[in-house]
Amino acid sequence: MKRISLISLAMAMTLSMQAKDILVNTPNTSLLLKADEGQPLHVSYYGERIDRVDQVYNAYSLWEHAYPAFGAGCQNVPALSVKHADGNMSTELVYQSDTKVEEPNATLYTITMKDKLYDFWVDVCYRAYTNSDVIETWSVIRNEEKKPVTLLKYASGYMPFRQGDAWVSHQHGSWGAESYIYEEPLQLGAFEVHDVNGTRNAMTNRPNIMISLDGKPRENEGRVIGAVLCWSGPYRITIDTRGQKEHHLIAGISEAHSEYKLKRGETFTTPELAFAYSDEGMGGVSRSYHRWARLNNKVHNGTALRKILLNSWEGVYLNVSQEGMEKMMDGIKELGGELFVMDDGWFGDKYQRSIDNCALGDWVTDTRKLPEGIPALEKAAAERGLKWGIWIEPEMTNTKSELYEKHPDWIVCHPNRTPITGRGGTQLILDMSNPEVQDFVFAVVDNIMQETPNTYYIKWDANFEIQNFGSKYLSGDNQSHLYVDYHLGLRKTLERIRVKYPDLVIQCCSSGGGRVNYGLMPYFDEFWVSDNTDAQQRLFIQWGTSMFFPACAMAQHVSASPNHQTGRVIPLKFRFDVAMTGRLGLEMRPSDLSERELEYAKQAIATYKEIRPIIQQGNQYRILSPYDKTGYASELYITDDKSDAVFFAYKFEHYVDQFRPRFHFAGLDPDATYKLTEICRNGRTDHWEGHAFTGKFLMQQGIEIALNGQFASKVIRLEKQ
Ligand code: GLA
C-alpha cells in the first residue's frame with residue numbers, strides 16, 4: 001500500500017512539474033488548475049489569493065481531476081457520466097488546449113478536453129470576476145460521435161477541499177418557513193442536498209451551501225467556501241467523504257429521471273456553479289455573492305434602487321374591485337409609497353376567479369369585478385403619481401379554464417395518464433418544453449404590456465410542482481428530458497421577455513420563496529421571500545435568505561396585526577424595522593391602521609427612502625443571529641466607502657433577568673469616527689444618541705441598547721465624521 005501511494009505521489013510530482021499552470025484569480029481569491037497535454041485537468045488549490053504558483057506548492061496542494069468523468073481512472077463521485085454511441089460507459093477526458101478571454105468584469109478560462117478515444121468533447125469553463133470574489137464553473141459537452149450519446153450525469157463542477165474540522169451550512173424550509181439554516185460537521189460518508197420538485201427548486205432544500213473549514217460556522221471569522229448552483233430545476237449537491245484526506249463536492253442538475261440524449265453535433269451547456277471563498281466567515285462569502293449578484297446582473301437590474309410598494313393580496317385576497325384597489329392606492333400614496341400592485345383575482349371570463357380553483361391561463365379581465373378594465377386601474381395609479389403593477393401565474397392553468405378546454409395537450413402529464421391536480425383541486429402546469437407554450441407564456445406578458453404599456457411591475461407566481469411526469473410534446477424517447485427542457489424553455493421565454501422589456505420590474509414568486517435561485521434571478525428584479533409576513537418568523541427566514549441573496553432582491557412587506565399566518569400581534573415599529581432590511585413594501589389595507597399608526601408608517605417610509613441606497617446597495621454584516629437562541633438579533637448595512645451605515649437591533653423574546661448583550665458592530669472602518677443617531681424612533685432616547693465613537697470602539701466594545709419587552713427594536717444610523 002505504502003509503495004503504491006509513494007509511486008502515485010511521485011507521478012503526481014512529475015506531472016505537476018510538467019503541467020501548465022492556469023491561475024484563476026479574483027481580487028482576493030485564487031483557483032489553481034494544472035493542464036498537461038494528454039492528461040486529465042487537475043485542480044490543485046482554491047483559497048486566498050496567490051500571485052505566484054510556487055506560493056502554494058508546498059503549503060496546500062490538492063491533486064484531483066477538475067472535472068471527473070466516470071469509468072477510466074476516476075476514483076471519486078463523477079461530475080460526468082456518459083453512455084457513448086457504442087454503449088461504452090467509460091469516459092477519459094484529456095487536455096487539448098485552453099483559452100483566456102478578458103470580459104468587462106471578468107476573465108473567462110476555457111479548457112478544452114476530449115475523450116482519448118471518442119469524438120466526444122468537453123469544455124470546462126471558469127469565469128473569475130474582477131468586481132467580486134466569485135468564480136463560476138460550468139461545462140459545455142459536445143457530441144461528435146456518429147450516433148447519439150446519452151448523458152447519465154452532467155454536473156456543473158467539482159471542488160475538493162481538505163479535511164479538518166469542516167462544517168456545512170445548508171438551508172431547508174417549507175411553505176411559510178423557507179430558508180431556515182442548518183449546520184452540521186462533515187463526516188465520513190456523504191452529505192447531500194437535492195430537489196425533486198420540478199418547478200420550484202428552493203421550496204425545501206436550497207441549491208446553495210457554505211462550508212466552514214475552521215470549525216463551527218462563524219459569521220465574521222474563519223475560512224469559508226460557498227457553492228451556489230444557478231439552476232431553477234431539480235439539482236443535486238453532494239459532498240462525498242471517503243478516506244481521511246479530502247472532501248469532494250459535486251454540484252449540478254439532478255441526474256434522477258433525467259437522462260439526456262445528445263445527437264451528433266449537439267452540445268449541452270451545464271448551468272453555472274458559482275464558488276466563493278472568504279476568510280471573513282460566512283458573512284464574507286455572503287457579501288461576495290451579494291456583490292456578484294448586484295454588479296453582474298445575477299439579479300436583474302441589480303444596481304437599480306427598488307420602489308416601495310403596496311401589494312393587494314393580504315389586504316383583500318381575491319376580492320378585487322375598482323373601488324377597493326383605488327382605496328388602497330390612496331392609502332399607499334398617503335404614506336409615501338411609490339407603486340401599487342394588484343394581486344390574484346382580477347381575471348377570468350367563462351370561469352370567474354372568485355376562489356383559487358379556476359381561470360389560470362384565461363388572462364382576460366373579469367369585467368364583473370373590474371368593469372372598466374385594467375387600463376382604468378393603470379390610469380388611477382398614474383393619477384395618484386403611483387406606478388402600476390399586476391399579478392400573473394403564466395406557467396399554470398386549471399382544469400376549469402378556457403385555456404385547458406382548448407389545449408388539453410399543453411399540460412405537463414404523460415398522455416396515458418389522468419393528471420393529478422394541485423391548488424384548488426384543479427391546478428395544472430403548462431409544458432414549457434413545448435415551443436407553442438413558450439409563445440403563449442411570452443404573449444401573456446406581451447399582451448399586458450400592449451394593453452397597459454405603463455405597467456411597471458409584474459408579480460410572476462408559480463404555485464404547483466411537477467406531480468405528473470410526462471410531456472405530450474416530447475417524443476417517447478425523450479421523456480427523460482422533461483425536467484431540463486422545462487427549465488430551458490422557461491429560461492428562453494424569460495430571455496425573450498427581457499429583450500423586449502428590459503426595464504419591466506418582475507418579481508419571482510412561488511407560493512412565497514419557492515423559486516429563490518440564481519437560475520431565475522438574472523431575469524427577475526426581486527423575489528417574494530415568503531408568504532409568511534409574521535415579523536418574528538421573518539427574522540429567521542430573512543436571515544437565512546440573506547446568506548446568499550442581496551437586500552435589493554428581497555421583497556419584505558409590513559402586514560396586518562394580528563398576522564394572518566401566525567395570529568401573532570406585533571407592534572408596527574417592529575414590523576417595519578424587520579421589513580426594512582430588504583425591499584420595503586406593504587401587504588395590508590392602510591385604512592385598517594389607526595391615525596397614530598398611519599403617522600408612524602409615513603415617517604418610517606420617509607426614513608427608508610433616505611437609507612434605501614445603504615440597505616439595497618450596501619454590504620451586509622450579520623452580527624447577533626436569531627438562531628443563537630438569545631432572543632436577540634442584529635445586523636448592519638454599510639456603504640462601500642464605509643462612510644454611512646444602518647444598524648438594526650431586535651429583541652423578539654422577553655424573560656425576567658434575561659441575558660442582555662452589549663451590541664457590537666461589524667464592518668466599520670476602525671480608524672474612523674461615527675456619529676450615532678437613532679432613526680424610526682418610537683421611544684426613549686439612549687445615552688449614545690448624537691455621540692461619536694471610533695469604529696474600533698464600536699466593533700470591540702459595543703454599546704448598550706435599551707430594548708425593553710418583547711418586540712422592541714432600534715434602528716441606528718452611523719455617519720462618518
Ligand atoms: C401565492 C403567492 C401569494 C399570492 C397568492 C395569490 O400563494 O405566494 O403571495 O400572490 O399566490 O393566489
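Reply: Start with contact, which means heavy atoms within 4.5 Å. The model is predicted. By that cut-off, Q438, D439, V441, F442, V445, D446 and Q450 in α7 touch G489, K492, T493, R496, I497 and K500 in α8.

Me: What classes of residue make up the contact of α7 with α8?

Reply: It has four nonpolar, four polar and five charged residues. Gly counts as polar in this scheme.

Me: Why is α7 called roughly parallel to α8?

Reply: Take the angle. Helix α7 (residues 435-451) and helix α8 (residues 482-500) pack at about 25 degrees, and their axes are 9 Å apart. Angles under 35 degrees count as roughly parallel, so α7 is roughly parallel to α8.

Me: Which hand does the crossing of α7 and α8 have?

Reply: The crossing is right-handed.

Me: What makes Q542 buried?

Reply: Its relative accessibility is 5%. Buried means under 20%, so Q542 qualifies. The residue sits in helix α9 (residues 535-545). Leaving out residues up to four places away in sequence, Q542 touches V529, M554, Q556, V578 and T581.

Me: One of those partners is V578. Where does V578 lie, and is V578 buried or exposed?

Reply: V578 is in α10 and is buried. Helix α10 spans residues 572-579, and eight of its eight residues are buried. Among them are the charged residues K573, R575 and D577.

Me: How do you know that α2 is largely enclosed?

Reply: Count the residues under the 20% cut-off. In α2, 13 of the 15 residues are buried, so the rest of the structure largely encloses this helix.

Me: What span is expected for α2, and what span does the model give?

Reply: At 1.5 Å a residue, 21 Å is expected. The model gives 22 Å from the first C-alpha to the last, close to that value. Helix α2 covers residues 281-295. Just after α2, N297 takes a positive phi of about 60 degrees.

Me: Why does F665 count as buried?

Reply: F665 has 4% relative accessibility. The limit is under 20%, so F665 counts as buried. F665 lies in a loop, between β33 (644-651) and β34 (673-679).

Me: Which residues does F665 touch?

Reply: I623, L636, F647, L698, M699, I703 and L718, with residues up to four places away in sequence not counted.

Me: How far is F665 from A601?

Reply: The C-alpha to C-alpha distance is 27 Å, and the two are 64 residues apart in sequence.

Conventions:
Residues are numbered from 1 along each chain as its sequence is written. This is a predicted model: local features need pLDDT of at least 70, side-chain atom pairs count only at pLDDT 80 or more; totals for chains, interfaces and linings use all residues. Side-chain values use heavy atoms; hydrogens and water are left out. Buried means under 20% relative accessible area, exposed over 50%, partly exposed in between (1.4 Å probe, protein chains only). Helices (H or I, at least four residues) and strands (E, at least two) are DSSP runs, numbered from the N terminus. Axes are lines fitted to C-alpha atoms, for helices over the stretch in contact, and angles run from 0 to 180 degrees between N-to-C directions. Angles under 35 degrees count as roughly parallel, over 145 as roughly antiparallel, 65 to 115 as roughly perpendicular and the rest as oblique. A crossing is left-handed if the near helix is turned anticlockwise from the far one by less than a right angle, and right-handed if clockwise. The expected span of a helix is 1.5 Å times one less than its number of residues.
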